[in-house]
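Today I am opening the notebook on one structure.

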Amino acid sequence: MATLKTRARKYEYSHTIGIDDFAGRAFRCAVDLTIGPGGTLYVLQRGTPLHRNVSVKICNLGEEFFGDFGTYGSEPGQWVWPASIVLDSQGQLFVSDEWNHTISVFDTKGAFLRQWGEQGSAAGQLNRPAGLALDGEENLLVVDGGNHRIQKFTRDGQYLSGWGSFGAGPGEFNMPWGVAVNGAGEIYVSDWRNDRVQKFAPNGSFLLEWGASGSGEGQFNRPAGIAIDQEGDVYVVDWHNHRVQVFDANGQFLNQLAGDAAMSTWGEQLLAANPLMLAGRDVAKDLSLEKRFFIPRGIKVDQDNRVVVVDSGKGRLQIYQKVSK
């Protein structure tokens with residue numbers, strides 16, 4: 001079991017879930033996930049323009065697969081470019097769609113409940129909505145990426161407030177992507193094209209920022225998903241640097257995860273049923289890069305500080321356990 005250490009943080013790699021394929025018990029271009037009771041995982045899959053296999057795959061941390069739901073299109077309850085998913089305390093799943101400029105709501109069985117959103121730049125309108133998060137009152141924070149702002153709605157879609165505009169200054173954004181809320185209600189946003197993270201008070205007032213373009217500690221190449229653990233540490237998916245960076249609440253670098261994947265149970269079963277595939281793997285000269293992240297996108301941390309990373313380019317989830325602060 002791989003263990004990652006810093007002066008103040010330690011993580012243990014736990015296991016991998018998933019295989020890269022188009023249908024059934026597999027992931028293809030997964031972008032985000034949310035975690036429900038009992039370790040149930042709802043994994044949002046964007047699919048490809050050719051196969052259009054958008055869906056939510058339902059499994060658990062024990063690698064049991066329960067099915068999926070979702071269809072491609074622009075009718076109510078359908079998606080074209082789904083981007084983020086979040087689950088509320090009432091068992092409602094909220095999914096953003098960049099193409100349709102909508103937020104769709106489902107129950108945990110996949111039944112469509114309602115939808116809102118229309119393209120535009122006025123208050124309450126959306127342009128390529130991406131990341132989603134719930135605040136302490138379970139209002140929905142929406143990263144309105146194409147409008148370079150954050151908007152807050154009730155869970156029924158009523159507009160409450162918003163902030164942000166295009167730019168690179170404090171409180172400005174350039175195609176923001178991810179959003180997360182800590183226990184104090186403070187809001188963290190991954191500012192995608194500005195290669196930084198910004199932190200805001202619950203009312204949207206700017207507090208601080210960190211990051212710059214690059215591949216060093218605390219630098220980013222298109223930060224995407226973002227999550228916060230029970231102690232307030234911040235996890236940022238550093239998309240094109242193929243890693244996850246960990247920071248304290250004020251942006252001090254603590255550690256990074258680069259991927260430690262072993263073969264998932266699903267992968268082992270697939271290889272056992274396909275001798276030719278297994279033979280091809282046996283002749284590979286170097287499998288050292290197999291364990292590393294490739295184009296990770298999403299991340300969530302559960303109540304037990306288990307860190308689940310959407311390793312999008314390799315069709316899998318990698319799970320870590322935080323074992324110390």
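I looked up what Thr108 touches beyond its neighbours within four places in sequence, and found contacts with Tyr42, Ile58, Leu87, Gly91 and Leu93 (contact means heavy atoms within 4.5 Å). I note that this is a predicted model, where local features need pLDDT of at least 70, side-chain atom pairs count only at pLDDT 80 or more, and totals for chains, interfaces and linings use all residues. Numbering runs from 1 along each chain as its sequence is written, and side-chain values use heavy atoms, leaving out hydrogens and water.

Thr108 lies in the loop between strand S9 (102-107) and strand S10 (112-116); strands are DSSP E runs of at least two residues and helices H or I runs of at least four, numbered from the N terminus.

Next I checked a sheet. Strands S15-S16-S17-S18 form an open, antiparallel sheet in that order (two strands pair if DSSP finds at least two bridges between them). Its edge strands are S15 (178-181) and S18 (206-210), each pairing on one side only. Inside it, I traced S16 (residues 187-191) against S17 (residues 196-200), antiparallel over five bridges. Val189 stands opposite Gln198 in S17.

Last, the whole protein: I count two helices and 25 strands. Of its 325 residues, 56% are buried. The C-alpha trace spans about 55 × 50 × 35 Å along its principal axes.

Terms used:
Buried means under 20% relative accessible area, exposed over 50%, partly exposed in between (1.4 Å probe, protein chains only).
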